[in-house]
Every structure is written in structure tokens, then in C-alpha cells.
Amino acid sequence: MTNDKILRFSDSQFLRFKKNPLSVVCCLLTFIIFAEIIFSTINMRVRHESDNPEFVVSAVVETMQELKAKEVVSLDLRDIHSAVTDYFVICHAQSKTQVSAIADRILDNLRDNHHVKPYHYEGFENSEWILLDYIDVVVHVFLEPKREFYKLESLWADAERTSYED
């Protein structure tokens with residue numbers, strides 16, 4: 001008996017939509033918009049994690065220079081609409097050991113001295129390209145041949161580029 005009531009209720013709902021196709025369209029559009037908002041919020045990356053990303057950039061550059069990183073460059077991506085971060089800081093080293101040492105020191109320096117922790121990091125397994133993601137600032141420490149191959153600076157050629165002394 002309960003199943004009959006549920007079927008009748010469902011049938012009446014269907015009949016109401018069948019009589020007014022505009023309500024079906026409105027209902028579907030509302031659902032689509034609501035789903036889009038929910039999924040974009042879930043998948044969207046939080047930007048502007050730190051109050052002063054320039055400070056993070058300067059701390060990263062200073063650490064790279066202390067460990068003799070080569071061709072240290074920062075790219076200001078704030079004016080590029082499609083960019084996922086505000087800054088890239090890029091350098092390379094001559095050996096995998098030096099690549100790991102630079103990345104480790106950046107992690108330690110920012111965590112211990114400035115209380116800044118990365119959102120994500122990767123590349124320590126092979127130490128040819130280590131990426132440290134601080135949301136507003138993404139750090140790339142390359143082995144020299146990998147940097148020459150990927151050419152990140154040319155991919156983001158529209159960004160304002162700042163080069164630092166070795």
C-alpha cells in the first residue's frame with residue numbers, strides 16, 4: 001500500500017512537469033548551476049595564501065643564492081589571467097645532490113624561520129626537477145639539462161622577469 005502512494009506521488013510530480021515544460025528546464029538549469037558552483041569550489045585552488053608573497057620570493061632567492069644556484073629568476077605572473085600562482089622562482093644546479101640540497105634548504109628555511117609550509121612538493125625522488133608549491137609562489141629547482149629542455153621562462157614570456165646575481 002505504501003508503494004502505491006509513492007508511485008502516485010511520483011506520477012503526479014511527473015504530470016505536473018509534463019504540463020509545464022518550462023519548469024523542467026528551470027529545474028535542470030538550477031541543478032546545473034548549483035553543481036557547477038559546488039564542483040568549481042571543491043576543485044578551485046585557494047589563492048593568496050600569504051599576506052606578502054614578495055617576502056616569500058625574497059627568502060627563496062636568498063636561500064638559492066646561499067647555495068650557489070645558477071641563473072636565479074623570478075617571474076611575476078599576477079597580470080596573467082590564466083596563471084595559477086602569483087610568482088615562479090626558478091633556478092638550476094649542476095648535480096642532483098645540489099638540486100636536492102637547494103630544495104631542502106628552501107623548505108627548512110621557510111618552515112623554521114618564517115613559519116611558511118608548502119601546499120605541495122614533488123620531485124625529490126629523482127632530483128632533476130623539484131617543485132615546491134607555496135600557493136602564491138611556486139619554486140622550481142632544476143638540474144641544468146632539464147631546465148634547458150622545459151624552458152619555463154619562455155613558456156611564461158609574458159610575465160615580468162627579474163634576474164638575480166649568481
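Thr85 is buried, with a relative accessible area of 0%; buried means under 20%, exposed over 50% and partly exposed in between, using a 1.4 Å probe and protein chains only.

## About the model

This is a predicted model, in which local features need pLDDT of at least 70 and side-chain atom pairs pLDDT 80 or more, while totals for chains, interfaces and linings use all residues. Residues are numbered from 1 along each chain as its sequence is written, and side-chain values use heavy atoms, without hydrogens and water.

## The nonpolar cores

Let's turn to the cores. A nonpolar core is a set of buried Ala, Val, Leu, Ile, Met, Phe, Trp, Tyr and Cys residues joined through side-chain atoms within 4.5 Å. The largest has 27 residues, and Met64, Ile102, Ile106, Tyr134 and Val139 touch the most other members. Apart from it lies another core, of 12 residues, including Leu75 and Phe88.

## Aromatic pairs

The structure holds 5 aromatic pairs, meaning rings of Phe, Tyr and Trp (its six-membered ring) with centres within 6.5 Å; planes under 30 degrees apart are stacked, over 60 edge-to-face and the rest tilted. Phe88 and Trp156 pair edge-to-face, at 5.7 Å centre to centre and 90° between the planes. Phe88 is buried at 7% relative accessible area, whereas Trp156 is partly exposed at 22%.
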